[in-house]
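Here are my notes on this complex, point by point. Please read them with the structure open.

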Amino acid sequence: MFFLQTVAPTGGVTSNEVFDRYPDLVSSIGTDMGAFLPELVLCLGIVWVIFVDLFSKRQDSRRPGWHALGVLGLSLLTLVLGGFPSAEEAGSLFHGMVVRDGFAVFMKLLLTIGTAICVPMVMSHKDLQGRRMGEFYGLLLGSLLGMYMMASARNLLMFFMGIEFASYTSYLLTGYLKGDRKAAEGGVKYVIYGSVASGIMVYGLSILYGLTGSLDVGAVAQALIVTKASPSLLIITALLCFAGFAYKISAFPLHFWAPDVYEGAPMPFTAFLSVVSKAAGFAILIRFVVAFGAPGADGQALTLASGKVLDLDWPQILAVLAMFTMTIGNLAALWQNNFKRLLAYSSIAHAGYLLMGVAAVVPRIGAEGDPGWQPVLFYLVVYLFMNLGAFYIAQIVAARTGTEELPGFAGLGKRAPVLAVGLFLFMISLIGLPPTGGFTGKWQLLKAAWENGLHTLVLVAVTNTVISVYYYARIIKLMFLDQGDGEGYVLPVGQRTAVVLMVVPILWLGLFMDSTVHLIRSLSFAVIG
Amino acid sequence: MNWEAVVFWAMATLVLVPAFAIVFSRNIVHMAFWLLGTLMGVSGLYLLLGADFLGMTQIFVYIGGINVLLLFGIMLTRSEPVYVRRLAKRPKLAPGLIIGAFTAFTLVSALLGAGWRNVPGEPTETAGILGAFLLSEYILPFEIISVLLLVVLIGAAYIARRGSREGAE
């Protein structure tokens with residue numbers, strides 16, 4: 001990746017011209033709508049699932065779920081039919097508010113598939129039965145819409161709105177089980193921490209606006225090169241902006257909300273947060289980093305995202321953050337007894353590995369050729385399937401045993417072999433061992449970091465992987481070596497199929513990764529310059 | 001003194017006098033009503049500067065929304081008048097004066113050193129330009145915000161609804 005395609009910054013219509021040029025400005029909206037179909041489907045879908053819910057009985061809480069799946073399928077279909085825009089077709093829509101390129105379509109596909117996997121989990125979740133679920137699906141689709149914006153934003157306004165859209169809906173969904181104390185605690189904590197993080201980010205974005213007088217990422221980047229703003233101010237600005245992204249991907253130092261929120265939220269939504277939300281966070285982080293690392297008018301890379309500013313090395317800052325993120329996540333995971341909390345810390349650790357991939361690429365942005373985002377994207381694909389799979393199996397087990405604590409998994413190997421083997425493979429993949437996608441994914445990340453000279457970071461990451469074996473293997477030991485009480489049970493065909501469907505991609509990505517790697521490498525990426 | 005100066009001083013008085021009254025008043029309902037004057041005055045200043053849209057938004061949002069919300073909040077929570085209690089101990093004067101003087105100095109020096117320019121020509125009306133922008137260049141954020149408001153409204157209605165535990169409405 002990527003075929004870089006430079007898109008001209010939008011005209012920046014002045015207030016004197018707006019009336020004269022109004023017909024032109026409006027006429028392009030109609031053509032842009034065609035490329036905006038997946039988003040439009042979601043907009044209508046939000047209203048549709050609530051409408052369906054109005055006309056169904058309360059006991060029939062699955063019905064809006066099927067409709068939500070239909071909406072997601074339709075959105076997926078429009079995405080696929082639209083195809084991956086090639087480098088020539090890549091461009092921006094709605095006067096430079098969002099971009100349309102291969103990267104955006106790829107991320108949207110990933111986000112939609114992740115959400116579509118979460119919906120059946122919602123439909124089969126014990127605590128979400130027999131209540132009105134229209135709002136839940138409406139909010140879930142809304143959250144996805146916000147993440148579409150995050151994946152394709154190119155205007156600072158859209159950056160902020162995408163993140164806020166995804167966040168507000170997430171706050172509400174975390175506290176969806178209103179009577180539950182933990183859900184309320186998680187929801188409130190999420191709102192408070194989230195607002196602070198957004199506030200910090202807006203502060204950074206507003207400094208960018210103040211320095212350059214523009215909200216268009218391309219125009220901002222160009223203006224920063226021309227005006228030669230003070231480097232220390234740029235570093236502070238970049239860190240302030242990073243707060244918002246770090247929050248979405250739960251990276252150090254804004255990771256502390258994750259365990260409480262993950263524990264309080266209903267299990268399917270925890271899965272959604274840990275995977276889909278995180279992928280959207282990485283999409284917007286990559287978009288931001290690339291925008292401000294693009295070659296300037298005189299061919300020199302911008303200092304905000306790449307290169308050295310003062311004595312501070314921006315890739316090194318990212319590398320240190322990645323180190324802290326993975327170490328904190330892994331060390332804290334060692335002591336956890338609740339499955340959701342364990343996976344919360346594990347997801348923080350994985351954010352660290354992914355951040356390592358970003359740190360490895362940053363120095364190469366703006367240089368000729370493919371900067372090499374491919375390991376990060378590949379790992380996101382693998383992470384989607386392995387983490388959602390682990391949550392899916394945990395939900396089935398929790399429904400049977402009535403507890404989300406780890407001892408509930410004891411003896412699972414005897415009681416339900418299919419579940420145990422599935423979870424075993426997901427754990428192997430989360431550790432990063434062959435023959436799973438976790439191995440090939442992590443290998444590529446480590447390789448990229450090593451080749452770009454981040455040797456210390458690679459050593460820390462390998463050490464962390466060794467640490468993580470302890471807590472993942474603890475679950476494997478519980479399942480196969482320990483005695484558990486409770487009857488054995490036969491899985492319904494639907495659940496068994498679902499587990500197999502999740503395992504297949506993990507093994508496929510582990511054994512035959514070439515086609516996926518090739519697809520990711522061929523994606524176009526609209527660089528704004 | 002031309003008419004603009006007269007209107008300016010009238011509006012400035014309308015901002016400042018109620019502002020002092022809020023600080024020295026003890027009844028919280030009185031405070032909310034005094035706030036009305038301050039907000040009106042600020043809106044008048046905006047209008048005077050030719051920011052017609054901003055001035056009207058100020059009235060809609062702050063007077064129509066926030067001030068009414070304040071009064072509703074008081075009305076729904078307390079039945080008897082609420083008085084702000086004075087501190088039992090006299091607060092120390094010196095730190096307050098120092099911080100106040102420092103803030104005043106910073107603000108005044110910033111205002112004096114800002115290098116204000118006179119905008120040439122008559123102020124044009126802004127509402128039309130803003131409307132044209134919102135429906136052309138900024139149509140996407142404009143429409144997305146409306147979807148966001150809809151979704152958040154649905155969520156708020158869900159959270160505020162009674163009888164959650166059994167899923168009853």
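1. Buried area. In this predicted model, chain A and chain B bury about 3,100 Å² between them. Carbon and sulfur atoms give 76% of that area. On the chain A side, M161(A), F165(A) and K178(A) supply 19% of the area that chain A buries against chain B. That is more than any other three residues.

2. Residues in the contact. Chain A puts in 38 residues, and chain B puts in 30 residues.

3. Polar links. How many salt bridges does the rule find across the interface of chain A and chain B? The count is zero. The rule does find three residue pairs in polar contact across this interface, both residues being at pLDDT 80 or more.

4. Elements on the chain A side. Four helices are listed as giving two or more residues to the side that touches chain B: α1 (22–34), α2 (37–54), α5 (134–152) and α6 (156–174) of chain A. Of these, α6(A) gives the most, with seven residues. By class, this side of chain A has 25 nonpolar, eight polar and five charged residues.

5. Confidence in chain B. The mean pLDDT of chain B is 84, and 91% of its residues reach 70 or more. Helix α1 (residues 3–24) of chain B has the highest confidence, at a mean of 92. Helix α5 (residues 127–134) of chain B has the lowest, at 85. Residues 164–169 of chain B stay under 50. For that stretch the model has 15 contacts beyond four places in sequence.

6. Confidence in the complex. The predictor gives an ipTM of 0.85 and a pTM of 0.86.

Technical notes
Residues are numbered from 1 along each chain as its sequence is written. Chains are lettered from A and ligands numbered from 1 in the order in which they are written. This is a predicted model: local features need pLDDT of at least 70, side-chain atom pairs count only at pLDDT 80 or more; totals for chains, interfaces and linings use all residues. Side-chain values use heavy atoms; hydrogens and water are left out. Contact means heavy atoms within 4.5 Å. Buried area is the accessible area (1.4 Å probe) that two parts lose on being put together, summed over both. A salt bridge is a side-chain nitrogen of Lys or Arg within 4 Å of a carboxyl oxygen of Asp or Glu. A polar contact is a pair of N or O atoms within 3.5 Å; within protein, one must be able to donate a hydrogen and the other to accept it, and residues adjacent in sequence count only if both atoms are side-chain atoms. Ala, Val, Leu, Ile, Met, Phe, Trp, Tyr, Cys and Pro count as nonpolar, Asp, Glu, Lys and Arg as charged, and the others, Gly among them, as polar. pLDDT is the predictor's confidence in each residue, from 0 to 100.
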